[in-house]
Structure formats: structure tokens, C-alpha cells
Amino acid sequence: MESIGVLMPYPTFPYLEHHLQSRFNLLRASTNYTTSIRAAVVNAVHGADANFIDALPMLEIVCIYGIGLDKIDLRKCAERGIRVTNTPDVITDETADVAMALIISLLRRLCQCDLYVRSGNWKRQGSFPLTTKFSGKTVGILGLGRIGKAVAKRAEAFNCKICYHSRTVKTECGSYKFYPSVVELASNCDILVVACSLTVETHYIINRDVMNALGPKGVLINVGRGKHVDEAELVSALIEGRLGGAGLDVFHDEPDVSQELFGLDNVVLLPHIGSATVETRTAMADLVLANLEAHFLAKPLVTPVL
């Protein structure tokens with residue numbers, strides 16, 4: 001397969017780059033190589049839009065190093081008969097772990113506690129102010145897919161009640177209460193975790209009404225996509241006290257983050273690290289490689305989208 005042209009337009013995990021280089025003809029830019037490129041390895045941030053796809057007449061497969069599909073022109077791929085794969089499942093545990101970390105960090109104010117010790121305030125001022133417990137809270141989950149279910153399982157270990165909103169009722173999760181709208185879900189939980197896919201329907205699904213329904217003691221956690229949340233409304237709700245707090249791993253226009261968030265002590269902000277561990281990124285890379293090899297050996301794809 002050393003002669004097969006694989007385009008990787010953006011730098012990524014060195015392990016993946018090394019194995020692509022050793023198994024294929026890895027190309028970093030499409031200029032002057034368009035007719036030799038048969039595969040593209042892209043990420044969920046930059047994706048592959050119509051212009052990208054049209055520029056590669058011999059393209060057969062797009063492998064996404066991630067799970068997000070919102071930056072991939074799936075219609076164009078379908079029209080051209082281009083296969084598409086992503087890397088689901090292997091990121092589930094890590095992302096659910098980050099959701100839990102955001103919840104606990106926010107409720108127990110762990111970031112502020114760390115600064116309190118480092119600054120010497122513990123010695124000068126005494127005990128840190130009381131915080132809020134996580135155990136026993138009601139956790140609402142928007143999107144009860146792989147990640148949503150993993151979050152629910154972890155929250156159950158903290159004796160939390162679980163409720164959710166999803167496109168369909170999950171009959172296999174009969175112990176979880178289903179709400180037919182996001183506003184109803186927000187009205188009946190203490191913590192709302194966003195873990196759904198980004199689609200036209202879920203763009204800004206967390207709006208002013210949802211934040212008001214969560215209320216001044218409610219907490220929003222987003223490990224989905226930044227554009228699930230109306231960020232301007234979020235800032236207003238936090239500043240005005242209409243929402244109790246927010247833990248965010250994703251943002252509307254990454255890596256640009258609303259600077260108004262920086263001065264708030266009722267938020268925890270992470271640089272999109274949901275799947276950012278060596279173990280998970282290696283597993284993601286192995287899936288990309290497995291899908292490429294399966295395609296060019298005329299075998300079934302491991303994790304097909306199209």
C-alpha cells in the first residue's frame with residue numbers, strides 16, 4: 001500500500017503520522033498531487049467540506065480522526081460514492097470521565113481550592129468556604145447515546161437520579177426518566193450534561209429558555225460541541241445569576257473563548273480535552289489505520305459512517 005496517496009492536511013497525533021508514513025504515501029498538502037490522493041485523514045475540527053472534496057477527483061475514503069460529523073459534507077461524499085469513517089466507542093470512557101471531572105470541579109470549586117492553597121490564603125484566612133455536594137443530585141442528560149449512557153453509569157455510582165431527553169425513548173434504560181423536551185429536562189434536574197451530536201436540530205439547543213429552566217442553582221456541563229450552546233446567552237445567564245454554573249470542554253469558536261467567562265468563578269473551562277489521553281488517541285489512530293487498510297484490501301470497514 002506504500003504507493004497509495006493519503007492526504008493529511010493538518011498535523012495530528014505523532015503515532016498516527018508515523019504509521020501513515022510507514023504504510024502509505026503520506027502527503028501533507030494536495031497541491032500538485034490531487035490525482036494521486038485516494039484517501040484523506042481529517043479531524044473533526046477542520047473536516048472535509050465540498051470544496052475540499054471537489055479538489056480531490058480520485059478520493060475514495062475520508063477517515064475522521066474523531067467522531068464529529070458536522071464539518072464533513074456527507075451529502076457530497078454520498079454523491080461521489082466516497083466512504084466515510086470515524087472513531088466512535090474508543091472516546092466514550094474518556095469523555096464521560098471529563099464530564100464527571102467538570103461536575104465535581106464545579107460543585108466543589110476544586111480550581112479555586114487549589115489556588116487558595118497555592119496563594120497561602122489557607123494559612124492566612126483559614127478554611128475555604130463551604131461548597132456543594134454532588135452525591136444524590138439529579139443529573140439530566142441531553143443525548144443518551146454512548147457517551148450519555150457512560151455519564152449516567154458514572155453518576156449512578158454517586159447515588160444520582162438520572163433523567164434524559166433524546167430523539168427516542170431508550171427502552172433499555174427504563175430506570176431513567178424520559179422528558180419530551182429539553183426545557184422539561186432542565187426544569188427537573190440539578191445538573192444538565194450535553195452529550196448529543198451536533199446537527200441542525202441541536203444547534204443552540206441550549207438557549208435562554210433552557211438556562212432559565214435550570215435556574216440559579218442549576219449547572220450546565222457541555223462535553224458535546226460548542227455550538228450546542230448559545231454562548232452569549234450563557235454568559236448573560238451566569239453574570240445575572242439566572243444559571244448557577246457551567247463546566248465547558250467545548251466552545252462556540254475554538255480556541256477563541258468568550259473573555260467574559262474568564263472573570264467568573266462559577267465556571268470551569270477546559271481546552272477540549274475530552275479524548276485527550278495517550279491511550280485514547282492511540283486507539284483512535286489504530287481505528288483510522290484499520291479503516292484505511294480494510295478499504296484498500298476490499299474488506300468491510302471497521303467503523304463506517306457512509
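Author: Contact here means heavy atoms within 4.5 Å. The model is a predicted one.

With that cut-off, L292 is in contact with V6, L20, F24, A39, V41, I61 and C63, leaving aside its neighbours within four places in sequence. L292 belongs to the largest nonpolar core, which has 51 residues. Together with L20 and I221, L292 is among those with the most contacts inside this core. Helix α4, residues 92–108, gives the most to the core, with eight residues. Apart from this core lies another, of 30 residues; L185, L214, V229 and L234 are among them.

The pocket is lined by 20 residues, and the closest to its centre are L106, L107, R109, T132 and G244. By type, the lining divides into seven nonpolar, eight polar and five charged residues.

Two single residues can be set beside this picture. Q112 sits in helix α5, residues 110–118. Its relative accessibility is 17%, so Q112 counts as buried, the cut-off for buried being under 20%. Not counting residues up to four places away in sequence, Q112 touches F128 and D265. I239 has its place in helix α10, residues 231–240. I239 counts as exposed because its relative accessibility is 54%, and exposed means over 50%. I239 and E279 are 40 residues apart along the chain, and their C-alpha atoms are separated by 38 Å.

As for the record, an unreviewed UniProt entry carries the annotation "domain: D-isomer specific 2-hydroxyacid dehydrogenase catalytic" for residues 37–303. Over residues 37–303 the chain is 36% helix and 16% strand. The end C-alpha atoms of that stretch are 21 Å apart.

Technical notes
Residues numbered from 1 in each chain as written. Predicted model: local features only at pLDDT ≥ 70, side-chain atom pairs only at ≥ 80, totals over all residues. Heavy atoms only, no water. Core = buried A, V, L, I, M, F, W, Y, C linked by side-chain atoms within 4.5 Å. Buried < 20%, exposed > 50% of the residue type's maximum accessible area, 1.4 Å probe, protein only. Helix = DSSP H or I, 4+ residues; strand = E, 2+ residues; numbered from the N terminus. 1 Å grid on protein atoms, 1.4 Å probe; cavity = no way out; pocket = protein on both sides within 12 Å on 5 of 7 lines; lining within 4 Å. Nonpolar A, V, L, I, M, F, W, Y, C, P; charged D, E, K, R; others polar. UniProt positions renumbered as here; feature names shortened; annotations may be inferred.
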